[in-house]
Amino acid sequence: MASDILELTDVHAYYGDSHVLHGISFALKEGRLLGLLGRNGAGKTTCMSTIMGFLATREGAIRLNGEKISGNSPEAIARNGVCLVPQGRRIFRSLTVKENLQVAAQTPGGRTAWTLARVFDIFPRLKERQSQFAGSLSGGEQQMLAIGRALMGNPRVLLMDEPSEGLAPQIVADVGRTIAMLKAEGLSIVLVEQNIKMTLNLADDIVIINTGQVVFSGSAGDAAADQRLISQHLGVF
Ligand SMILES: Nc1ncnc2c1ncn2[C@@H]1O[C@H](COP(=O)(O)OP(=O)(O)OP(=O)(O)O)[C@@H](O)[C@H]1O
């Protein structure tokens, strides 16, 4: 049985006085893909921000490979190999494609699985456009760049926050294939999505949150089979 690579235990987080995460617990096993689902405003992005250390864990703990990372700076957490594909992509529009990738390069623990050449291998469009300003790329290409940039951090854990958001169905399918390929590479992934169908297809495990609390934690197969659970917490799909 694979060990837990990322573990949240009773995590509470606030924006100022506003209590948003009310004791979130879940664990990502090494080499697996965990889909984190919930309606708009459920707290999914807040979970990602808290794991990355952008937001403080006021109570509870977050562990990477058994070591506590909550309380560390975002820089230290990223250096440890927790890499985020942020919601809205957040690429550096006025840098070139290649520069976007180069600035993110790091080798946590000496791991060098991902290099510029390998990222260009899996995203040939980025290779073709490496000297263009990132702001001139299409939405789908920008999403691939955001994923490539996270890979340049040689992640132990890859967090993906709504990578299909705002993309045409054809491009969403490309993003889905890319995520499946990364999973096949053995990456440990947390995928936050509004696209329930894609997530249920890709994920091994599913966690559903509602108003900052976990309301389901189990296999993707069990989640998909439970229509009542899906409609109650996610709406129809
Ligand atoms: N910067 C902020 N300051 C105050 N409240 C915030 C802030 N960001 C989010 N919230 C609130 O925290 C709650 C959780 O928001 P969050 O963005 O984590 O939800 P989400 O599940 O990611 O939703 P979406 O699918 O719309 O991105 C919401 O009630 C939201 O209004």
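Which residues of H1 are buried? The legends below take up this and related points.

**View 1. Helix H1 and its covered residues.** This is a predicted model, in which local features need pLDDT of at least 70, side-chain atom pairs count only at pLDDT 80 or more, and totals for chains, interfaces and linings use all residues. Residues are numbered from 1 along each chain as its sequence is written. The buried residues of H1 are Lys44, Thr46, Cys47, Met48, Ser49, Thr50 and Ile51, so that 7 of the 9 residues of this helix are buried, where buried means that 20 or more other C-beta atoms, placed from the backbone, lie within 10 Å of the residue's own. Helices (H or I, at least four residues) and strands (E, at least two) are DSSP runs, numbered from the N terminus. Just after H1, Gly53 takes a positive phi of about 85°.

**View 2. The shell around the ligand.** Among the residues around the ligand are Tyr15, Asn40, Lys44, Thr45, Thr46 and Gln194, a residue being counted when its C-beta atom, placed from the backbone, lies within 6 Å of the molecule. Strand S2 (18–29) and helix H1 (44–52) are the elements that give two or more residues to this shell, and H1 gives the most, with 3 residues.

**View 3. Val82 in strand S6.** Val82 lies in strand S6 (residues 82–85) and counts as buried because it has 28 C-beta neighbours inside 10 Å. Leaving aside neighbours within four places in sequence, Val82 is in contact with residues including Ile51, Met52 and Pro155, contact meaning that the C-beta atoms, placed from the backbone, lie within 7 Å. The C-alpha atoms of Val82 and Pro155 are separated by 5.6 Å, although the two are 73 residues apart along the chain.

How values were computed:
Buried ≥ 20, exposed ≤ 12 C-beta atoms within 10 Å, placed from the backbone. Contact = placed C-beta atoms within 7 Å.
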